[in-house]
Amino acid sequence: MLSRTAENLFWLARYVERAEYLARTIDATLRVTALPAAYVGKTNEWDSALLTAGVGASFYDHYEEANERNVIEYLSFSDENPSSIRNCIEAARLNSRSVRTALTSEMWDTINSAWIELQAVWSKGTGNREELAKFLRFVQETSLRFDGSAYRTMLRNDAYWFSRLGVHLERADNTARILDVKYHVLLPEEEHVGGPLDYYQWTSILRSVSATTAYHWVYRETLKPWLIADLLILNDTLPRSLASCYSNLVRNLDQIGVAYGRQGASQRHARGIRNRLEHSHMDDIFQRGVHEFIQEFITDNSRLGEIITKQYLI
Amino acid sequence: MAAAFDEMNGLGGDLRPAYQELSRWLKETPPDALEYRRQEAELLFRRIGITFAVYGDAEATERLIPFDVIPRIMSANEWTLLEKGLKQRVLALNMFLKDIYHGRDILRANIIPEDLIFQNPVFRPEMNGQDVPHDIYVHIAGIDIIRTDPDNFIVLEDNARTPSGVSYMLENREIMMRLFPDLFARHRVAPVERYPDELLSALRSVAPHSAAAEPTVALMTPGVYNSAYYEHSFLADKLGIELVEGRDLVVKNDEVFMRTTEGLKRVDVIYRRVDDDFLDPLTFRPDSALGVPGLMSAYAAGNITLANAVGTGIADDKAIYSYMPDIVKFYLSEEPILKNVQTWRCREPQDLSYVLDNLADLVVKEVHGSGGYGMLIGPAATKATIEAFRDKLKREPEGFIAQPTLALSTCPTCTDKGLAPRHVDLRPFVLTGSERTTIVPGGLTRVALKEGSLVVNSSQGGGTKDTWILSE
């Protein structure tokens with residue numbers, strides 16, 4: 001398959017995944033900020049939202065204040081923000097157009113319809129909360145449909161594997177970013193100073209990775225911050241955990257390796273990260289520092305993106 | 001202008017046989033049902049993403065070509081004649097190209113003036129003496145056909161470079177079959193769906209000798225911003241071949257390779273939808289970012305087949321067009337089956353003075369123009385436009401030809417005020433491979449949607465129709 005086609009499929013999947021993640025971040029933030037201040041403390045949740053979206057710095061080139069209106073605009077509709085939801089969908093459509101022959105008609109239809117709806121319905125942004133909720137649901141449904149149609153209709157060949165690599169690499173990055181911004185509320189009991197205020201932060205984290213129900217099924221416990229960290233980092237059964245993303249990355253890279261009859265740097269690098277996750281315990285991670293662990297993961301993860309690019313996509 | 005020949009109602013209003021069933025059906029079908037289907041068709045086109053781009057139109061980089069749901073119908077007899085004429089014409093085009101880039105018998109016989117070839121910017125000296133597999137230059141031709149009466153097919157233009165529009169022929173049919181199953185059931189319409197297979201086998205048949213037993217074919221596009229990009233991706237998909245851009249290709253030791261996830265892979269045949277000028281920055285335009293450095297040297301070495309060949313523009317040039325009847329006679333010793341439109345060559349003083357005297361009645365075209373741009377339609381033009389053209393003509397007569405304003409045939413078409421006749425043309429696609437020349441029965445019917453308009457180009461507000469060739 002053409003390297004450029006693989007590259008487009010990889011990025012197409014990333015854009016769609018990112019758009020959904022942004023929608024969930026906004027949704028989770030709205031819920032926390034709707035609570036009385038006494039429940040959530042004094043942190044500016046909209047600032048956190050910008051940080052987890054990785055646009056903390058660029059935002060202030062365009063706005064003075066990180067309030068609800070500005071942040072939602074910047075994350076959802078802004079042309080200035082290269083990874084706003086709008087730009088993600090635009091980029092996904094452009095990528096789809098250049099690899100139409102590698103997409104199934106269901107996938108194309110999902111992206112093309114989303115793009116048409118974006119222009120027809122959401123060209124002026126959203127006017128009120130109700131519209132916003134509708135918009136966020138539209139974005140999440142687009143991602144679900146895209147993912148579902150890829151899963152149900154694509155041939156299981158390199159086109160599928162490269163597209164999956166994009167999904168899981170982006171997803172791992174997103175989960176790691178939430179952890180990076182919120183790690184301070186996820187410390188183990190003895191170090192924990194926040195008290196009940198943090199309860200709503202915890203649910204907010206779980207909500208942004210759609211894992212509120214999952215948590216209870218896995219641990220059968222009330223919310224404990226260290227268990228939330230365990231779920232998001234090490235629990236292979238949660239699709240958005242770092243461990244699960246890496247099981248998938250390793251599997252898809254292996255399939256490419258087998259099909260092409262050759263393993264390379266990306267297979268080795270991904271296995272290295274997966275092994276580290278597999279053999280880690282939360283206790284050790286807390287001991288060595290959650291923050292350091294996450295930062296290191298983010299670096300390793302984006303390094304994998306570079307290695308895949310070098311090995312296959314150019 | 002007098003009423004034009006109508007494809008359905010002839011000249012005098014007598015229903016022509018091929019349209020009997022359609023006419024009956026139209027009478028039974030309420031107008032709002034037609035309108036409803038029209039909207040449905042538009043929705044389908046938009047969902048599939050069949051769009052084209054209009055250059056310099058910032059507002060809408062992607063537009064739909066309006067689709068008219070009333071089919072244009074031709075009887076089997078009409079088609080047989082047209083098919084014969086098209087094959088003859090394309091054979092002559094290929095023989096002419098081989099001759100121009102080799103022995104030049106036609107110049108020595110004084111049929112065509114030399115400077116018209118050698119001074120022509122679309123003549124490619126790089127092709128002198130260059131052999132191409134099976135002497136085929138034009139593998140894919142789109143010949144624009146018009147009618148002014150029931151008896152004659154007239155060629156308006158030969159497109160021998162990178163003719164487009166075939167995706168509309170195929171998609172229009174798909175959509176018509178989906179929207180009007182009962183209308184189809186009442187006709188016996190020859191299918192068009194084998195076009196992609198015919199194209200692929202034609203392309204594979206012209207692979208170079210150095211190619212593997214199973215030659216690799218790729219379709220080369222300028223990219224997503226090209227106006228015909230949809231068609232490029234559509235065809236690559238139907239043919240099951242890679243859709244490549246210049247940056248996907250690399251030339252090593254005079255062989256062409258594409259960059260794949262498994263390393264470099266040799267390409268044998270390129271169906272290129274990129275103009276000559278942009279193919280290879282080392283040979284043609286050095287500023288081209290679309291091309292592949294070294295492609296022309298791989299071509300010269302005979303390791304890659306380009307379809308269509310480089311330099312075919314000399315055969316579809318509008319100044320050469322006027323010599324086509326002579327070209328057919330010269331190479332085939334046959335009378336041309338398809339007529340030419342009478343053409344005045346402004347480069348010839350006598351013709352020029354006639355043209356200048358009759359500008360208000362003539363259509364004047366740029367020799368190298370296309371897409372309906374840069375054209376004067378005398379009867380529809382203002383005095384000022386005519387005068388501006390007169391200046392242009394005097395300054396650079398060799399850049400223009402002139403033709404009478406023809407009353408192109410009309411076909412019933414949905415308009416705001418119900419069904420009304422609109423002018424149409426037809427572009428059938430002629431495929432030439434090493435073994436045979438094939439024409440899928442049908443083509444792209446273009447329709448000028450504005451009342452009275454003769455310009456069918458999509459960039460100028462034209463639409464399309466499905467074209468039905470009835471079986472015996």
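Let me start with the contact between the two chains, which takes 18 residues from chain A and 16 residues from chain B. On the chain A side, the elements that give two or more residues are helix 1 (3–33), helix 6 (85–98) and helix 7 (105–120). Helix 7 of chain A supplies the largest share of that side, five residues. By type, the chain A residues that touch chain B divide into eight nonpolar, five polar and five charged.

Please keep in mind that this is a predicted model. Its scores are ipTM 0.80 and pTM 0.86. For chain B, pLDDT averages 91, and 96% of the residues score at least 70.

Now chain B as a whole. There are 15 helices and 21 strands in this chain. Its radius of gyration is 22 Å, close to the 23 Å that the globule rule gives for 472 residues, so chain B is as compact as a globular protein of that length. Of the 472 residues, 46% count as buried. If we take the contacts in chain B with a separation of 6 or more, 68% of them are between residues 24 or more positions apart.

One element of chain B to look at is helix 9, residues 229–239. How many of its 11 residues are buried? Nine of them are, so to speak, under cover: the helix is mostly covered. The buried set includes B:Tyr229, B:Tyr230, B:Phe234 and B:Leu239, and also B:Glu231 and B:His232. What do these buried residues pack against? Their partners are helix 6 (166–179), helix 8 (195–205), strand 4 (217–220) and strand 5 (242–244) of chain B. Just after the helix, B:Gly240 takes a positive phi of about 70°.

Next, some backbone details. In chain B, the peptide bond from B:Ala307 to B:Asn308 is cis, with omega near -5°. B:Asn308 sits in the loop between strand 10 (305–307) and helix 11 (313–316) of chain B.

Two residues have a positive phi although neither is a glycine. B:Asn253 has a phi of about 45°, and lies in the loop between strand 6 (249–252) and strand 7 (255–260) of chain B. Is B:Asn253 buried or exposed? It counts as exposed, because it has 10 C-beta neighbours inside 10 Å, and the cut-off for exposed is 12 or fewer.

The other is A:Ser210, with a phi of about 40°. A:Ser210 is in the loop between helix 10 (199–208) and helix 11 (212–219) of chain A. With 16 other C-beta atoms within 10 Å, A:Ser210 is partly exposed.

Last, a residue in chain A that is covered. A:Val290 lies in helix 16, residues 290–313 of chain A. It has 21 C-beta neighbours inside 10 Å and therefore counts as buried; the cut-off there is 20 or more. Which residues does A:Val290 touch, not counting those up to four places away in sequence? They are A:Tyr183, A:Leu186, A:Ala229 and A:Ile285. A:Val290 and A:Asp180 are 110 residues apart in sequence, and their C-alpha atoms are 8.5 Å apart in space.

Definitions and conventions
Residues numbered from 1 in each chain as written. Chains lettered and ligands numbered in written order. Predicted model: local features only at pLDDT ≥ 70, side-chain atom pairs only at ≥ 80, totals over all residues. Helix = DSSP H or I, 4+ residues; strand = E, 2+ residues; numbered from the N terminus. Rg over C-alpha atoms; globule rule 2.2 N^0.38 Å. Contact = placed C-beta atoms within 7 Å. pLDDT = per-residue confidence, 0-100. Nonpolar A, V, L, I, M, F, W, Y, C, P; charged D, E, K, R; others polar.
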